Amino acid sequence: MGDAHRIGVVGLGVISRAYLDTLVGHPAVRVTAVADLDASRSAAVAAERPGVQAMSVEELLSSPDVDTVLNLTVPAAHAEIALGAISHGKHVYGEKPLAADLPAAHAVLEAAARAGVGVGCAPDTVLGTGIQTARAAVAAGSIGRPQFASAVMVTAGHERWHPHPDFYYAAGGGPLLDMGPYYLTSLVHLLGPVRAVIGAAGRLRTERVIGSGPRAGERIPVEVDSHVSGVLEHVNGALTTITTSFDGVATTAAPIEVHGDAGTLAVPDPNHFHGEVRLFELGGPRWHPLPPSAGYVDGARGLGLLDFVTADERRAPRANGDLALHVLETMSALLRSSTEGRRIELTTSAEPPDAVPLTAAAQWKSADARVS
């Protein structure tokens, strides 16, 4: 797609600041415009960032000064904004999930294919040294042949810290669609695509209480399942058990463990770019840490977009739409399985994207080097 891509950001909520901190001033991109339904937000951001213009959403989507739209809206609006950008011939990179439901996600990718534009999607944390070092260890045979894995995400719920948490408990939200992409994308990197799932889900609370901000104490309805568990059957024969929950307080479980016939790998929290990878070899006396051997060092939100806009005919974008679609179908199938009480076979697949070589922060941030 070339260097110096002009980026327009739609949606200026909590996560947007992390993206802007990474992107503004990076030589591969130039943030030219921002938009939000709250015009005061876009005006405030533009005032802080020289060269950035505040626009309405409609103006930004059609602006000739924007090549790629960074879609940071709530999940329910992901497809609408993506389709609007694509209709104006723009590339789209969005926050996860790709869309609030599978038909909308298919519509986005089909429209992009017709328009000849690219679609990328978070999470990009999986490109950091944590998941990539674990992936390199699995590929090197450190645990032998992978047999099974576990993935666990337990929290008391985002309403405790987020000032406007409504969307976490509305369509497109819940612990699986919100946090599951980190874990499932990591599992595709580690074990490859999923062919079928079995799921179970529930919600025992019908409302939540906002814990911070101007709406503290306000009660909001819970419209989606707040606890989801399931089993994933990977194409390579390995099985993964997964639990994502907004109904717990704490857990001692590793975020991800991958078990092979020659060892077990403890994988760090995929919500972060870094973290210690630990290996326990068959017959060994203890866990021992593996030094970072792959991934972008000191990665930050927006790295996936940099990877996306610097991809070319030699390398496809790593945080790509096909992978995001497969992850979304996996999650949708888990929820469908919990409702229908049966095993669901998937219709999509996605091979793990290219592994990330160990790339120093100075390199991926440099004007003299492209994202690897």
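Author: Below are questions and answers on the sheet, the helices and the salt bridges. This is a predicted model, in which local features need pLDDT of at least 70 and side-chain atom pairs count only at pLDDT 80 or more, while totals for chains, interfaces and linings use all residues. Residues are numbered from 1 along each chain as its sequence is written, and side-chain values use heavy atoms, with hydrogens and water left out.

Reader: Which strands stand at the edges of the six-stranded sheet?

Author: Happy to start there. Helices (H or I, at least four residues) and strands (E, at least two) are DSSP runs, numbered from the N terminus, and two strands pair if DSSP finds at least two bridges between them. The open sheet has parallel pairing and runs in the order β3-β2-β1-β4-β5-β6. Two strands have a single partner each, so one side of each is left without a neighbour in the sheet: β3 (53–55) and β6 (119–121).

Reader: What is the bridge partner of R6 in β2?

Author: Strand β1 (residues 5–10) and strand β2 (residues 29–35) run parallel and are joined by six bridges. In β2, the partner of R6 is R30.

Reader: Is α4 enclosed or open, and which of its residues are buried?

Author: Buried means under 20% relative accessible area, exposed over 50%, and partly exposed in between (1.4 Å probe, protein chains only). Seven of the 10 residues of α4 are buried, so this helix is largely enclosed by the rest of the structure. Those buried residues pack against β1, α3 (57–62), β4, β5, α5 and β6, contact meaning heavy atoms within 4.5 Å. They are H78, A79, I81, A82, G84, A85 and I86.

Reader: How are α4 and α5 oriented to each other?

Author: Axes are lines fitted to C-alpha atoms, for helices over the stretch in contact, and angles run from 0 to 180 degrees between N-to-C directions. Angles under 35 degrees count as roughly parallel, over 145 as roughly antiparallel, 65 to 115 as roughly perpendicular and the rest as oblique. The axes of helix α4 (residues 78–87) and helix α5 (residues 102–115) come within 10 Å and cross at roughly 10°. The two helices are therefore roughly parallel.

Reader: And how are α5 and α9 oriented?

Author: Helix α9 (residues 321–340) packs with α5 at an angle of about 170°, their axes 10 Å apart. In this contact L102, A105, H106 and L109 of α5 meet G321, D322, L325, L328, E329 and S332 of α9. The pair is therefore roughly antiparallel.

Reader: How many residues apart in sequence are the parts tied together by E48 and R17?

Author: A salt bridge is a side-chain nitrogen of Lys or Arg within 4 Å of a carboxyl oxygen of Asp or Glu, and E48 and R17 form one at 3.5 Å, N to O. E48 lies in helix α2 (residues 39–48) and R17 in helix α1, so the pair ties together parts whose separation is 31 residues.

Reader: Are K96 and D178 buried or exposed?

Author: Their side chains meet in a salt bridge (3.0 Å, N to O). K96 sits in the loop between β5 and α5, and D178 in helix α7 (residues 174–191), 82 residues apart. Both are buried.
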